[in-house]
Amino acid sequence: MGIKVENASKRFGDFQAVQDINVEVKTGSLVALLGPSGSGKSTLLRLIAGLESLDEGRIWLTGRDATHQSIQDRQVGFVFQHYALFKHLTIRKNIAFGLEISRWPKTRIRNRVEELLELVQLSGLGDRYPSQLSGGQRQRVALARALAVEPKVLLLDEPFGALDAKVRKDLRTWLRRLHDDVHVTTVFVTHDQEEAMEIADDIVVMNQGRVEQTGSPAAIYDNPATSFVMSFIGPVNVLPSTSQLAKQTIHSPSDSQLFLRPHDIEIFSSPEMNTIPATITRVTHLGWWIQVDLQLVDGHTCVAHVTRDQSNGLDLQLSQTVYVQSRSVHHFPRHHSVTKVV
């Protein structure tokens, strides 16, 4: 096992940052810690790195009990959101810094730095300074520096959070390919659901200092364990059990709420079996798919997602009456925290 966290708890004064966390990360895998701000994901990452000490529990790294080990002895590479590069050193010197501190032979350092420059696609830029690189390039330098000392574990704390959307998207693809080349056990923190779904082998969904669910992106999306997980991973409609859409399902407990993905709402231009009437209140074009805001006949509102071809075939128009039914729904108790689709 690459990383094992057992019953980990950490408090800062009166604030319980993480409580009774149990997480296992397979050797060589890439795992995302996903959750909103204040969910405890960065604190958990810092506990694994040794930057914070546990109040309770244990941490194992590559089969060794690292609970009381120093940061240096844990053999962990850490990448922060804001690069933390040395402005007065060249890119080559930034990458070599940890190796020089560890007193690697000069020839070995030179070879390792050139190898890493090629790995992160920055060959030929080694003599430049951080200010001469773009944000995406600087983050790649930070990753190269973390990998230089050949860590057993790589920890990334929202590494792309300070970058614009296009660069962030490109770096996500690059990081996944990089991980497939180096196979270092990697944990990265993010609040971006799409980022976690695209990059990670497994996702640990956190909320209020606890783990809500752990699993593959597909398993978490298709089989959410709680209403929080379903509402945080992807858009969702939340309707009361009194909704006529809820009554289409085989069993709808009276004390539950209906959770329904927008793409699981089917739209028809004329009545079909088990459909209910709805009025279109807005049609929004979002690239290859269309968002349709609906006012159901029972007064509740929801949104549906259809492809451009489906939209064109239905000739969807504002104020048009259509007929809808649900393909797949989940029910959760009312007291669970939820976030409605935006």
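A polar contact is a pair of N or O atoms within 3.5 Å; within protein, one of them must be able to donate a hydrogen and the other to accept it. Keep that cut-off in mind for the first stop in this predicted model.

**Stop 1: D192**

Select D192, in the loop between strand 8 (185–190) and helix 6 (193–199). Show its side chain together with E194 and E195. A polar atom of the D192 side chain lies 3.0 Å from the backbone nitrogen of E194. For the backbone nitrogen of E195, the distance to a polar atom of the D192 side chain is likewise 3.0 Å.

Is D192 buried or exposed? D192 counts as buried, because its relative accessibility is 19% and the cut-off for buried is under 20%.

**Stop 2: E158**

Go to the loop between strand 7 (153–157) and helix 5 (165–182), where E158 is placed. E158 is not a glycine, yet it has a positive phi of about 45°. With a relative accessible area of 16%, E158 is buried.

**Stop 3: Q75**

Finish at Q75, in the loop between strand 5 (64–65) and strand 6 (76–79). Q75 also has a positive phi, of about 55°, and is not a glycine. Its relative accessibility is 37%, so Q75 counts as partly exposed.

Technical notes: Residues numbered from 1 in each chain as written. Predicted model: local features only at pLDDT ≥ 70, side-chain atom pairs only at ≥ 80, totals over all residues. Heavy atoms only, no water. Helix = DSSP H or I, 4+ residues; strand = E, 2+ residues; numbered from the N terminus. Buried < 20%, exposed > 50% of the residue type's maximum accessible area, 1.4 Å probe, protein only.
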